[in-house]
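The following explanation is intended for a reader who meets this structure for the first time. It turns to strands and their pairing, and then to contacts between charged side chains.

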Amino acid sequence: MSLWRTQQRCTAVLCCLLFALCSWISAFNLDTTTILIKEGEEGSLFGFSLALHQQLTPEPHSWILVGAPQARGIGSFWSSRPGALYRCPVTPEKCERVDIDGHVSLDRESKDNQWLGVTVKSQGIGGKVVTCAHLYELRQHVNQTFETRDPIGRCYVLSEDLTERDDLDGGEWKFCEGRSQGHEQFGFCQQGLSASFTPDKNYILFGAPGTYNWKGLLFMASPVEDALVYKTLEPSKSSFEDVAQNSYLGFSVDSARGIMNKSELTFVAGAPRANHTGAVVLLRKDNVYRLMPGYILWGEELASSFGYSVAVADLNSDGWTDLVVGAPNFFDRKAEIGGAVYVYLNPASHWEKARPIRLNGTYDSMFGMSVSSAGDLDQDGYEDIAVGAPFDGDGKVFIYRGSSSGIDTKPSQVLDGLNAGVKRLGYSISGGLDVDGNFYPDLAIGSLSDQVVLYRSRPVVHVIRDISIEPQYIDLTQHNCQGQDGVCVNVKACYTYTAYPDSYSPHITLGVHFEADVERRKLGLPHRVHFLDRSLSELEYVHSVEVELRGQKHPDCQTVTFVVQENIQDKLRPVSLAITHTIRRSRHHHHMGHKHHNQLSPVLSLSPSNTLYSEVNFVREGCGEDKICQSNLQLSYQFGTKAPISNAFIPLPRDESDVPVFSLSDQRSVVLEVTVTNMPSDLENPQEDGDDAHATQLLVSLPKTFSYSGLMGQQVLCEVNQNGSQALCELGNPLKREATVKFYLVLSTSGITIETTSLSVHLALSTISEQPALAPVTAYARVVIELPLVLSGLARPHHLFFSGAVRGESAMTSLQDIGSTVDYEFIVSNTGQSLQTFGSASLNILWPYELINRKWLLYPSALQVDGQPPTHCEPQSALNPLHLALDQPPQTENLKGSRKVRSHLETKDLIPKIPVGKITPAVSASERRKSLTLDCLLGSARCLLFQCPLLTFSGSIHFRIRAHMWNSTFIEEFSSVSAVELLVRANITIKSNIRHLVLKDAATQVSVMIYPEHGLSDQHSIPWWIILIAVLAGIIVLALLVCLLWKCGFFKRTKRQPQYETEYYRAQLQLQPSDVERKQATELH
């Protein structure tokens, strides 16, 4: 059953939309509007395999040969399903069943479910045809209990007219018959699951994947010689790298020259289960009729079925044949890949260097179940390939174009079964043969829905165009329009075309579409020109005309004119033109192709693009002698605030890293000072840059924390979007050379929260003048939360005195017995938000309660808090730990210190202390008569920490502590010291997840000066008689020492001899003694 399906043509508008949106799918030359569909018996698997075929004798015919391996038998064999081969004309007539395999000998064979038609291959124009039944069974010991059935398979070779012309035609191609049976040998041979003719037409390849425990085997025989020629190695005889058992070698086969040697045939066999990943084995002939493995390509993923399908094609026309390998079970869940095809570009036979290009299919599509060379579909000199994905929707076939670089990985066309009305399209593919006579190869595609589809290739025309524009530059001062004011520009477009073959020369009408200001309108800007003589339905910036091409190399031209609008602002950006041509109509002078076929209209080649882009520049002023405006815009910024009265700009303070700091406590708005200059970068060569900056704009992008509030400074116009997050400011058109623009953006800080840690404003400066290094700038400032807490402290009185006698702790009955009273007051003021907003805060008081030698120092007796809400300080147990009788609580009025003598601390301490041995004095002998400081941080005193939580409050809160100076300690330790300074420290801390909190004035110290009473320090002076005795003792010792030295002769001088005196005198006179004198002197000695 056959059917022509012609889809209705789209309207002009719809076609333009589809062309713009889906041009990559429909731009190739396989015609999808007029397709030929052939249908077979339901359930017969009509289309499981197919082949395009042409016979020359006894009369020329073009056929689609279709295998239907589940077709019912004829006549008495109707109940069985032996399969069948059909030949379908490429015209609407019905398909015919080829009369082969009409008899069966049940005593030695079984043809039910033999799957005749599982493979169909054609040798080409005028060549033979082969079809196989890989499950043909050989029966032995029929109707006996030990009957055996061996699925050895068989193939049928037919002449070009699908008849048996010679002795080698017919179904006796059974190479596994008569060989050792059993699955370990040839019992499950399944010859013919794949088959292929060699390109030299001398051999037929048969795949037998069931031999040798499913290792697989290839047979190669001659269709003109009655002899088996070559076969692959048996497992036991293979000393070369080979596939193992259960590899299914021969599941797919092909062959070509130029794979491993340019002049020799190489045979390609797929083994989709080899090594659990799949493999493709490259085989070559040797001189003893064997097919030897030359190289093995291995799959990359387990169970991907690499080698399920194979094809050969020279994709880049370099003279070396490339390989295409399907792996339909390749799977990647994350990338949603369901099937892959590997394209191996031949590295000049060095296959160890081959790196495949992987084409991926969609999830569960079985992409790569079929691969085939499609021939050169568009006659561009490069072979193309087709890849089937029968489970991608209703099934799809993807067309990939060959190119000089190898292959275009983006499909040039996708044939969808949904559009053809066919389910599971793409299970089988056959191409590379022109069946309609237009010199372009066509493509037949089979399915699993008992249907096949023939797609015919449309002729491809290559359009040559020449565009000229007059005038070449737009001078707004020169009005050149005829009959009206304005500046006109003429655009002349000339076209011609070439096609294959040269005899193909139809009359083609091209539609030429002109569109102006394309780039500007892409930016959302208005157009600046309008075309003259356009139709009423056309927009101002578009115009369409027709060009009549009356055959190959017959040019035609059209001229259109556009006018520049008045008072345009953009005088620098060129007027861009997009000129697109499409084929509107074609008429043929003579009939071309098969007499039964409708002549297909031509299509445009894919390269070059059918859209040409051009532009017309304005005459540029202020751009130097080269007429190229090269600006040098520079932007600087500064964060600040404005004065409340004068609105003067006050910069924000900066931290140690020179980053502006914005404080939430005292600032309500932010002012961003922006300065833009256009100065030459090199004053010695000012012509290099700094030209006028045309259409200078500043795009200000604000974060959520900011919103645009206003503008101060020079006359700059800013347009703000609806929510105030962006402002576009016009700085000048042009911004002249050596110009400076300074203005102030007032930004509202209402969106800043306590989580905000930084502020950033994106400043993008732009101009249509040339300045490639003009990069956006981000203005940055750091945000801190400055808590408005102020801590202060005082002591009343701030001078104390000590005197009297030392008293022990057990002798004390009331607080007055300890010593002088002193009142401390700490005031915490808060003028901002509640502290609970930021975290938990507390006042910490370092209280010096004892010396290092553990003697009492400052005894706390009471603590009072005035403020709301009430709070309690810890530890309460540190207040009056000796439980002495209380005096009056601390008051705010000034108190005078008492000078009564108080007792001394004995062995009990305020808190448990570490046992010590000998108690050392607090003041060393060298430090007496000096002034000292008692401070916990200096280590001269030990402190107790009072912690007072600061809850939510406003205004101020007062902490008053009454204490008593321990008089006895000062008498014992500091009676010889002129003054003692006692420091009490306090600070505020806050625990918060907010890391950018800042506390100022959050620490203080209160000093009290303590002096001994007059006369107390004199108690430790040295008596006068001790001094007198010491002086007399010194005089006596000195006299004894002088007498001793006199007795030893220390004070006695030595006398000189007379002659030595004379000699000494003469030596002074520089005279030498005479010989007589020398002799006398010698005798004397």
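**Strands and salt bridges**

Strands S8 and S9 form a hairpin in which six residues lie between them, and Gly124 in the turn has a positive phi of about 115 degrees. The model described here is predicted. One point of contact can be named: Ser122 has Val129 in S9 as its bridge partner.

Strand S9 also pairs with strand S12 (residues 154–158), again in the antiparallel sense and over five bridges. Here Val129 stands opposite Leu158 in S12. In general terms, strands of a sheet pair through backbone hydrogen bonds, either parallel or antiparallel.

Is strand S9 mostly covered or mostly open? Strand S9 (residues 129–133) is mostly covered, as five of its five residues are buried. In a regular strand the side chains alternate between the two faces of the sheet. In S9, Val129, Thr131 and Ala133 point one way, while Val130 and Cys132 point the other way, and all are buried.

A further group of strands forms an open sheet of three, in the order S7-S10-S11, with antiparallel pairing. Its edge strands are strand S7 (109–110) and strand S11 (148–151), each of which pairs on one side only. Between S7 and strand S10 (residues 137–140), the antiparallel pairing comprises two bridges. In this pairing, Glu109 has Leu138 in S10 as its bridge partner.

The account now turns to charged side chains. Side chains of opposite charge can pair when their charged atoms come close. How many salt bridges does the structure hold? The structure holds 45 salt bridges.

One of them joins the side chains of Arg72 and Glu41, with an N to O distance of 3.7 Å. This pair links distant parts of the chain, 31 residues apart: Arg72 belongs to the loop between strand S4 (61–68) and strand S5 (84–89), and Glu41 to the loop between strand S2 (34–39) and strand S3 (49–55). Arg72 counts as partly exposed because its relative accessibility is 24%. Glu41, at 26% relative accessibility, likewise counts as partly exposed.

Another salt bridge brings together the side chains of Glu825 and Arg960, at 3.3 Å from N to O. Glu825 lies in strand S58 (residues 821–830) and Arg960 in strand S63 (residues 955–965), so the pair ties together parts that are 135 residues apart in sequence.

Asp866, at 28% relative accessibility, counts as partly exposed. Elsewhere, salt bridges that share partners join Asp101, Glu109, Lys111, Arg154, Glu172, Lys174 and Glu177 into one network. Glu109, a member of this network, is also the residue whose bridge partner in S10 is Leu138.

Note on methods. Residues are numbered from 1 along each chain as its sequence is written. This is a predicted model: local features need pLDDT of at least 70, side-chain atom pairs count only at pLDDT 80 or more; totals for chains, interfaces and linings use all residues. Side-chain values use heavy atoms; hydrogens and water are left out. A salt bridge is a side-chain nitrogen of Lys or Arg within 4 Å of a carboxyl oxygen of Asp or Glu. Helices (H or I, at least four residues) and strands (E, at least two) are DSSP runs, numbered from the N terminus. Buried means under 20% relative accessible area, exposed over 50%, partly exposed in between (1.4 Å probe, protein chains only). Two strands pair if DSSP finds at least two bridges between them.
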